[in-house]
Amino acid sequence: MTIAVYPGTFDPVHYGHIDIARRAAALFGELVVAVYDRPSKQILFPTAERVAMCREAFADLPNVRVSAYRGLTVDFARQVGAQLIVRGLRALSDFEFEFHMALMNKKLAPDIEFVCLMTSLEYAYLSATTLKEIAFLGGDICSLAPAHVQAALRRRFESASDAEVPLLSMSTMRD
Ligand code: ADP
């Protein structure tokens with residue numbers, strides 16, 4: 001059986017991620033959604049919450065499981081017996097980053113393949129950063145993330161101070 005790992009920060013999981021994961025789950029025997037524990041970028045939700053939101057988002061897919069990981073993605077992929085790593089591609093800027101990562105990972109683990117699925121058109125401009133900013137500013141995020149993620153963002157921002165706005169805007173150039 002082909003096992004694929006879909007790694008990411010998922011801070012929080014949104015419809016762009018879900019679309020890629022669902023399409024990957026239809027292609028491969030098992031998909032492990034791997035939530036990176038210690039991203040270098042600023043994160044809003046702790047790992048346990050990011051994992052819980054992913055679990056709820058994929059609860060209806062029997063061949064998808066969600067796990068947190070730390071360390072090298074290729075090491076995690078080997079641990080779970082995966083033959084390939086799946087990533088999503090939106091714009092040209094994603095391509096450069098993913099290309100660089102894929103080549104470096106290939107050097108570290110020549111036995112593991114990298115597969116990029118193109119975003120669906122309706123999610124081409126969706127990123128976790130955009131989602132968080134719109135949520136923080138009180139915009140409508142119904143078409144961007146599932147209800148449980150919308151609720152988590154609302155809860156999180158009810159207690160947020162204004163000082164967090166610039167943190168969000170600068171959190172990452174690409175996510
Ligand atoms: P990372 O910090 O590893 O980039 P993200 O959670 O931002 O983690 O993204 C995980 C994966 O999902 C990446 O491959 C990213 O390119 C992809 N992705 C994010 N948003 C979208 C989207 N709207 N459409 C398709 N793929 C996406």
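Author: The charged side chains of the protein chain number 18 positive and 20 negative, and the centres of the two sets lie 5 Å apart. This is a predicted model. The accessible surface of the chain comes to about 9100 Å², and 59% of that belongs to carbon and sulfur atoms. Of the 175 residues, 50% count as buried.

The chain has seven helices and five strands, arranged along the sequence as β-α-β-α-β-α-β-α-β-α-α-α. Its radius of gyration is 16 Å, which agrees with the value near 16 Å for a compact globule of 175 residues. The C-alpha atoms fill a box of roughly 45 × 35 × 30 Å along the principal axes. Among contacts between residues at least 6 apart in sequence, 77% join residues at least 24 apart.

Most residues other than glycine have a negative phi, and most peptide bonds are trans. Phe-10 is not a glycine, yet has a positive phi of about 50°. The peptide bond from Asp-11 to Pro-12 is cis, with omega near -5°. With a relative accessible area of 2%, Phe-10 falls under the 20% cut-off and therefore counts as buried.

Next, the rings. A pair of aromatic rings is described by the distance of the centres and the angle of the planes. The count of aromatic pairs comes to six. In one of them, Tyr-6 and Phe-10, the centres are 5.3 Å apart and the planes stand at 75°; an angle over 60 degrees counts as edge-to-face, so this pair is edge-to-face. Both Tyr-6 and Phe-10 are buried.

Phe-95 and Phe-99 form another pair, with ring centres 5.3 Å apart and planes at 20°; that angle is under 30 degrees, so the pair is stacked. Both residues belong to helix H4 (residues 92-108), where they are four residues apart, about one turn of the helix. Phe-95 is partly exposed, with a relative accessible area of 42%, and Phe-99 is also partly exposed, at 45%.

There is also an aromatic cluster, formed by Tyr-36, Tyr-69 and Phe-76.

To put the two described pairs side by side: Tyr-6 and Phe-10 are edge-to-face and buried, whereas Phe-95 and Phe-99 are stacked, with Phe-95 partly exposed and Phe-99 partly exposed.

Terms used. Residues numbered from 1 in each chain as written. Predicted model: local features only at pLDDT ≥ 70, side-chain atom pairs only at ≥ 80, totals over all residues. Heavy atoms only, no water. Helix = DSSP H or I, 4+ residues; strand = E, 2+ residues; numbered from the N terminus. Rg over C-alpha atoms; globule rule 2.2 N^0.38 Å. Buried < 20%, exposed > 50% of the residue type's maximum accessible area, 1.4 Å probe, protein only. Contact = heavy atoms within 4.5 Å. Areas by Shrake-Rupley, 256 points an atom, 1.4 Å probe, with all protein chains shown as cover. Lys, Arg positive; Asp, Glu negative; His and termini not counted. Charge placed at Lys NZ, Arg CZ, Asp CG, Glu CD. Phe/Tyr/Trp six-rings, centres within 6.5 Å; stacked < 30°, edge-to-face > 60°.
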